[in-house]
Structures are given as structure tokens and as C-alpha cells.
Amino acid sequence: MTRLPLPPSLYADTAVAPVATPPLDTDKTVSVAIVGGGYTGLSTALHLAEQGVEALVLEAQEPGWGASGNNGGHTNPGLKHDPDQIEADFGAELGRRMIEFSYGTPNFTHDLIRRYQIPCEARQNGTLRAAYSEAGAAAIEKTAQQCIRRGMPVSYLGREQLREMTGSDRYIGAMLDTRGGDLHPLSYARGLARAAISAGAKVHGETPAQSLRRDGNRWRIETPRAIVHADKVLLATNGFTDDLWPALRRTIVPVFSSIAATAPLSDAVARSIMPTRPVLYESGHITVYYRIDQQNRLLMGGRGPMRWISSPSDVAYLMRYAERLWPQIKGVAWTHGWNSRLAITGDHYPHVHEPAESILISLGCNGRGVALSTAMGAQLARRLIGGAKAEIDMPVTGIKPIPMHAFWPVGVTTAVIAGRVRDRLGI
């Protein structure tokens, strides 16, 4: 197969050089085969290799080609649901571990970046979860109190503080978590691949897994040029999950998330927007998220067309919204517009499955993939090494297809339209 070009993103134009990941052209027998070269697969390979386990990554394109190299670049803490809800859903013990793990993922990620000296413009200036409606602000304050009660480095900010932090009078309230931050997603993916290879893992691009079946005591994975036999297999395909494992594709909804980026802003304008450089995501029915990168570019993200895009004009609403937040940027050039697919689960929790002996599956980051996927790599490596007796800090559940999955494109489009209307009305 021919490697597809990267989406036309700012990241593709500015990332560090990729490490060599040649196609697999020789049959291999390994301890663990990993399907998917995004953050989850690369981090798992790295953590396996650190412990002397032979790991081989099969990536259909190149590391970071999908959402891992094309996301908003936020290293956000936590899960979709509030801490109290997580404990109610999974019990006090597992719920507590899930909360501690998920809210600690930014520290885990930035520590790993420092440990391997990965050049990816990483900063840890905090995450703002902001609301522009009274109902949204009340919900965020409730979340903040739950986090504060558990001793997290979290504070609730009011309108005046947010005006100073964001340069906009749009927001009523927000939760600041100082553990959050940002990075260059594609440089980070390439750095993870380089770190995994340096630790002893093998990473092969242009090598899609075409079939998977049991072959004696091992799993047999067929690729275009070679066969892989593995004692254990991890499937980490997220928003690009196909039919390699029965029914798995129907457990997630692949949703496009889009980003538009400006040319570098003047120092004066950049200082007037997010002067302390946290990242921000809005608490709305349709989430908008943004940050200022280290070159003073404004990156605005949100839902866009449920198809591939190649220009900022494809998400003109993000540009209009940015001008609403900061009128001083009117007339600024928008240089890039791109998107990729992420995976949304029906319950908005990440899913880990073990549908057969020596098969592990991890997918469904629900828009929190940068830090969560990285930290999941260590968890999955522990499970792959220790088996079912090795507890991890996320639930291991059965595969449950989403009802009426065939209609997801219509459902997503309808939900986006309805969500935008509700956000405009403040309900």
C-alpha cells in the first residue's frame, strides 16, 4: 500500500522529523503485537519495552497519522463524568482509582516527556473548563468542589478572574486545574515512537493488520507483506477501528473534530489572549477548545463537517467565534484548517476489553486522548504482562455494540445542530 499524506495541518508543517518506521516485510514472532500507532499503541510499546518485553507496533499509515497527531494539543485531566458520578457508577474502590488515575494523567504525560526529552513544545500551564451560561457555571462549580474535596490542585474562578486569564468577557465561571497543559501533537507522537524504538520496540508504518485469528498457541496477524505471530495482541485503533475484531467497530462512534489555526499573532495581540497560556475548553453541548501555541498562533477547535476538510473556510464558524471572543483579531490570517476522527463511546467512558485469551482492546478516549492514552500505555502494559490478575485503574468490560449504530452519521449531524442551537440559547 502507499502511505497517505498527513492531513493538511499546522502540525504537519512544523513537526520534528519522523523516525524511520519501515513497512514490515518479513514474518515475525513476538511476545506482543500492537495494532495502531497512535499514543495508546506507542506508549504501551514503550512501557513493554522498558520491562524487556518484545513489542511490535503495526500502523496502517505512520505514527501520529490519525487523531494522535491532529488533535487540539491539550493535556487535560479527568474523564467526561464528575468524580462523584464515577464512584457511583463503579463503586468506591475502583471509582477512587479511576479518579486518581485519570486526573493524574497530565503529570504522567509531562513526566514522560521530560524523562525522554521529547521535543514537542510541552508546557504545563493549566486547563480551564469554562462556562458562559449560569447553568454551565453552576455545574462546573459543582465539579470543582468535588475535586477540591479530594485534595486536587483545582480552583473555581469567577467572571473577573476569567476576563484577566482569557482576555474575553464571555465566561461566567471556570475550573482551573494546574496539572493541565499543552504540546505539539505530531511532534509528541513522533517522539513517542522514537522513545519506544530506542527502548527496543519495533514500529512499522504502512503495515495495516488485515486479519486476526488464533493459530495454535499464538495469534496470527496478516499484513500486506508479512505474517506476525504473537503471544498476545493489543488493539488500539480508536477512531479508525474497523472489523478486525467482531462487533468492535460498533462500540464507538467515530466523530470528526476540526481545528483552525492563525498565522503568528503580534506579541501585543497574543498577550491580550490567554496571557498566562493555559488551555481552555468550553462546557457546552458542542465543545469549543483553544490555545495559543509557542509561536503565538491561535488554535481553535470544535465540531466540524463529518468528512475530511482541508481549509479553515470549512470551519468558518470557529473563525467567527474567535472574533466574537477577541474582536482585536479581526483581519488576522487563518492559515490552516484540518480534522481527524476520534472515538466516542455510548457511556462516554474509555473502554478496555478482553474478549478472548491474550487479546486486549483499548479505545474511546472521548476527546481526552493526549494524556489519557499516554498514561493508559503503562496500565495496558501491566495487564499484558500480568494477565487478568494484574489489576488496572480502569474497568475491563465486555464488548457491547451501540444500538442503531448504522445511523450514527445522521445522529451525529443532528446532535451537532441541536447542540449549537441550545448553546446559542444558553439552555
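**Salt bridges and overall architecture of the predicted model**

Glu391 and Arg97 form a salt bridge, with the closest N and O atoms 3.7 Å apart. This pair links distant parts of the chain. Glu391 sits in the loop between α11 (369-386) and β19 (396-397), whereas Arg97 belongs to helix α4 (residues 92-103). The two partners are 294 residues apart. Their surroundings can be described by accessibility. Glu391 is exposed, with a relative accessible area of 58%. Arg97 has a relative accessible area of 14% and is therefore buried, the limit being under 20%. The structure is a predicted model.

Salt bridges link Glu93, Arg96, Arg97, Glu100, Glu391 and Asp393. In the chain, the count of salt bridges comes to 21.

A further salt bridge joins Asp182 to Arg123, and here the closest N and O atoms are 2.7 Å apart. Asp182 lies in strand β7 (residues 181-182). Arg123 lies in the loop between α5 (105-116) and β4 (127-131), so the pair ties together parts that are 59 residues apart in sequence. Asp182 is buried, at 2% relative accessibility. Arg123 is buried as well, with a relative accessible area of 15%.

Asp243 pairs with Arg249 in another salt bridge, with a distance of 2.9 Å between the closest N and O atoms. Asp243 counts as exposed, at 56% relative accessibility. Arg249 counts as partly exposed, at 33%.

Two residues call for comment on backbone geometry. Most residues other than glycine have a negative phi. Ala247 is not a glycine, yet its phi is positive, at about 70°. Ala247 is placed in the loop between β11 (227-235) and β12 (252-262). Arg277 lies in the loop between α9 (267-271) and β13 (279-282). At 14% relative accessibility, Arg277 counts as buried.

The overall architecture was then examined. The chain contains twelve helices and 19 strands. Its radius of gyration is 21 Å. A compact globule of 427 residues would have a value near 22 Å, so the chain agrees with that expectation. Along the principal axes, the C-alpha atoms fill a box of roughly 65 × 45 × 45 Å.

Of the 427 residues in the chain, 57% are buried. Among contacts with a separation of 6 or more, 75% are between residues 24 or more positions apart. The accessible surface of the chain comes to about 16900 Å². Carbon and sulfur atoms account for 52% of that surface.

Notes. Residues numbered from 1 in each chain as written. Predicted model: local features only at pLDDT ≥ 70, side-chain atom pairs only at ≥ 80, totals over all residues. Heavy atoms only, no water. Helix = DSSP H or I, 4+ residues; strand = E, 2+ residues; numbered from the N terminus. Rg over C-alpha atoms; globule rule 2.2 N^0.38 Å. Buried < 20%, exposed > 50% of the residue type's maximum accessible area, 1.4 Å probe, protein only. Contact = heavy atoms within 4.5 Å. Areas by Shrake-Rupley, 256 points an atom, 1.4 Å probe, with all protein chains shown as cover. Salt bridge = Lys/Arg side-chain N within 4 Å of Asp/Glu carboxyl O.
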